[in-house]
Amino acid sequence: MDFNRRHILGGAGASLGVLALGAPAVLGQAKPRVVVIGGGPGGATAAKYIAKDSQGKIEVVLVEPKKEFTTCFHSNLYLGDFKKFGEITHTYDKLASAHGVKLNHQMASAIDRAKKQVVLADGSRLSYDRLIVAPGISLKYDSVPGWGKEHEKVMPHAWQAGEQTKILKAKLDAVPDGGTIIMIAPPNPYRCPPGPYERVSMMAHTLKAAGKTKSKIVIIDPKPKFSKQGLFQEGWEKYYPGMVEWLAPDIHEGIKSVDPKTGTVVTGFETYKNSPLVNVIPAQTAGQIAIQAKLVDKSGFCPIDANTMRSTVDSNIFVIGDASIAGAMPKSGFAANSQAKVAAMAVRGDLTGSRVFPARYANTCWSLIEDGDVVKVGAAYAAKDGKIAATSTFVSKTKEPADLRKQNVQENLGWYAGVTADMFS
Amino acid sequence: MNEMFEAPQGRRMNALSALALQGAAGAVFLAWATVAAAQDAKPLKGDKALGEYLSNTCTGCHQISGVSKAGVPPIVGWPEDQFIAVMETYKDKVRENKVMQTIAAGLSKEDLAGLAAYYATIKPTKGAAQ
């Protein structure tokens with residue numbers, strides 16, 4: 001229900017008189033409202049922090065159709081049987097009960113920027129003083145010839161966690177010994193996690209644990225190199241010898257087409273037939289609503305001010321997480337959580353005059369290669385020359401001692417518990 | 001044993017070490033004791049509001065409730081000088097953890113004082129393992 005100043009002012013004279021007497025609805029004096037579109041890592045964190053830190057001075061409405069959210073991060077651990085599905089799925093109950101966030105479980109269908117309103121799926125409108133746009137990615141279904149949305153149950157992407165993740169897991173478990181899994185890896189820029197190469201590791205782990213060591217995973221990659229490549233390739237050789245084959249574009253000579261009916265993948269170099277599992281991870285853009293609202297540039301993602309995450313297109317709007325162009329930061333849940341807190345601070349500064357500090361961001365991505373072996377890459381970031389730039393970085397090294405990798409395993413698990421508590425409770 | 005809890009390399013060890021390495025709080029105390037002894041303790045008066053903002057980076061891993069899971073220790077309710085001393089050991093790369101070294105690298109003395117002032121005021125929630 002949209003009950004705002006505009007409606008009050010536009011109402012019948014008698015009601016206006018009563019309301020004006022009871023509550024002076026003068027512009028600038030009513031409680032400001034922030035609407036958050038999207039309840040993923042970025043949106044949930046932003047909603048929580050604005051509500052919590054404004055201590056009731058700002059009304060926060062979180063618009064998210066789902067009542068449960070499954071994290072992309074650690075969804076690979078579910079594929080590898082290291083976590084149960086319930087352990088990567090969270091509710092929004094505590095955002096409402098502990099912090100007073102109002103939940104609106106609908107799809108946001110459009111943003112009316114001129115009127116500062118979000119149009120919901122049922123046609124109703126929510127006015128906002130500031131809007132946080134956190135829709136994540138949308139998949140470019142036409143980026144892989146022969147594949148489309150209608151084929152996502154047969155050739156799953158599992159790049160938006162939930163039902164897709166379960167489909168991928170069921171297909172993985174059904175791969176016969178000797179079967180060849182094909183992963184079509186995404187071009188840059190892509191959401192990560194779920195990391196494609198951690199996913200390959202977890203697929204190989206599951207096959208190996210089931211004694212299916214004659215099976216193979218072939219990665220058809222549009223990129224000539226990838227993050228933590230040396231670490232992954234060292235791990236695959238060590239734990240899954242002969243089971244993982246990574247093909248760069250100069251080797252496979254391009255992805256020509258897929259045929260979901262027959263499990264066929266055609267590259268410029270070879271045709272793979274009867275694959276029991278083809279994991280198609282297509283090209284990506286910002287979530288559709290950001291595109292419709294013209295918050296994107298020609299890259300398909302949303303330019304932002306590096307110090308606040310404020311849209312450079314509309315000063316009443318902040319774009320966080322995967323949909324944003326966040327400079328050197330990856331499109332990870334960790335990054336979205338970090339960006340959300342910077343945006344929350346800037347929004348409170350706008351609406352309640354609270355102090356605003358220079359932006360600090362951080363990210364770490366842990367990848368499980370095999371039981372007891374986690375590698376990591378991370379950085380701290382700040383705004384520099386108008387972009388988010390790394391101020392300090394690190395990455396695991398090849399040939400590291402095993403006990404260091406085991407410590408990373410524990411750190412990864414502790415981080416998941418910490419970051420999900422920060423987002424959802 | 002988690003790398004965060006390792007005794008600082010190259011620093012003087014003492015008889016507390018065996019005890020200290022049994023838990024996060026103990027290890028942290030060791031670091032504080034070793035470092036504090038080696039330098040003048042004239043802590044800056046921390047800007048708590050700055051610290052609260054900077055804590056947003058910490059809360060991505062360390063729970064504000066003081067609850068601790070797996071390899072991420074609790075950091076709430078520490079004495080301010082202890083908090084600063086531990087962070088300095090990461091800044092100096094005396095302690096090994098790469099994530100913490102990277103975070104600490106970007107924090108000034110004022111930042112650390114602010115963080116310490118803020119975290120000193122946070123009490124663990126009931127039931128949080130310390």
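Helices and strands are DSSP runs, numbered from the N terminus, with at least four residues (H or I) for a helix and at least two (E) for a strand. The model shown in every view is a predicted one.

**Figure 1. Backbone geometry in two loops of chain A.** Lys228(A) lies in the loop that joins strand 12 (216-220) to helix 8 (229-239) of chain A. Its phi is near 60°, a positive value in a residue that is not glycine. The peptide bond from Pro193(A) to Pro194(A) is cis, and its omega is near 5°.

**Figure 2. The contact between chain B and chain A.** Chain B contributes 30 residues to the contact and chain A contributes 34 residues. The size of an interface is often expressed as the accessible area lost when the parts come together. Here the buried area is about 2400 Å², and carbon and sulfur atoms give 56% of that area. Of the area that chain B buries against chain A, 24% is supplied by Tyr53(B), Val99(B) and Thr102(B), more than by any other three residues.

Figure 3. The interface of chain B and chain A has 12 residue pairs in polar contact, counted where both residues are at pLDDT 80 or more. Helix 3 (48-58) and helix 5 (98-105) of chain B each supply at least two residues of the side of chain B that touches chain A. Helix 3 of chain B gives the largest share of this side, with seven residues. By class, the side of chain B that touches chain A comprises 13 nonpolar, 10 polar and seven charged residues. Two salt bridges are found across the interface of chain B and chain A. Arg360(A) forms a salt bridge with Asp111(B), and the closest N and O atoms of this pair are 2.8 Å apart.

**Figure 4. A salt bridge within chain A.** Side chains of opposite charge can pair when their charged atoms come close. Over all chains, the structure has 24 salt bridges. Lys48(A) forms a salt bridge with Asp422(A), with 3.9 Å between the closest N and O atoms. Lys48(A) belongs to helix 3 of chain A and Asp422(A) to helix 12 (residues 402-424) of chain A, so the pair ties together parts that are 374 residues apart in sequence.

**Figure 5. The largest pocket.** The volume of the largest pocket is about 940 Å³. Among the 43 lining residues, Lys66(A), Pro135(A), Gly136(A), Ile137(A) and Gln160(A) are the closest to the centre of the pocket. Elements of chain A that give two or more residues to the lining include helix 3 (41-54), strand 6 (108-112) and helix 11 (333-352). The lining has 19 nonpolar, 18 polar and six charged residues.

**Figure 6. The second largest cavity.** The count of cavities of 30 Å³ or more comes to three. The second largest cavity has a volume of about 40 Å³. Its lining residues include Gly321(A), Asp322(A), Met329(A), Lys331(A) and Gln339(A). Helix 11 of chain A gives the most to this lining, with three residues. By class, the lining of the second largest cavity consists of five nonpolar, four polar and two charged residues.

Terms used
Residues numbered from 1 in each chain as written. Chains lettered and ligands numbered in written order. Predicted model: local features only at pLDDT ≥ 70, side-chain atom pairs only at ≥ 80, totals over all residues. Heavy atoms only, no water. Contact = heavy atoms within 4.5 Å. Buried area = accessible area lost by both parts, 1.4 Å probe. Salt bridge = Lys/Arg side-chain N within 4 Å of Asp/Glu carboxyl O. Polar contact = N/O pair within 3.5 Å; in protein donor to acceptor, adjacent residues only side chain to side chain. Nonpolar A, V, L, I, M, F, W, Y, C, P; charged D, E, K, R; others polar. 1 Å grid on protein atoms, 1.4 Å probe; cavity = no way out; pocket = protein on both sides within 12 Å on 5 of 7 lines; lining within 4 Å. Points joined across faces, edges and corners; volume = space filled by probe spheres on them.
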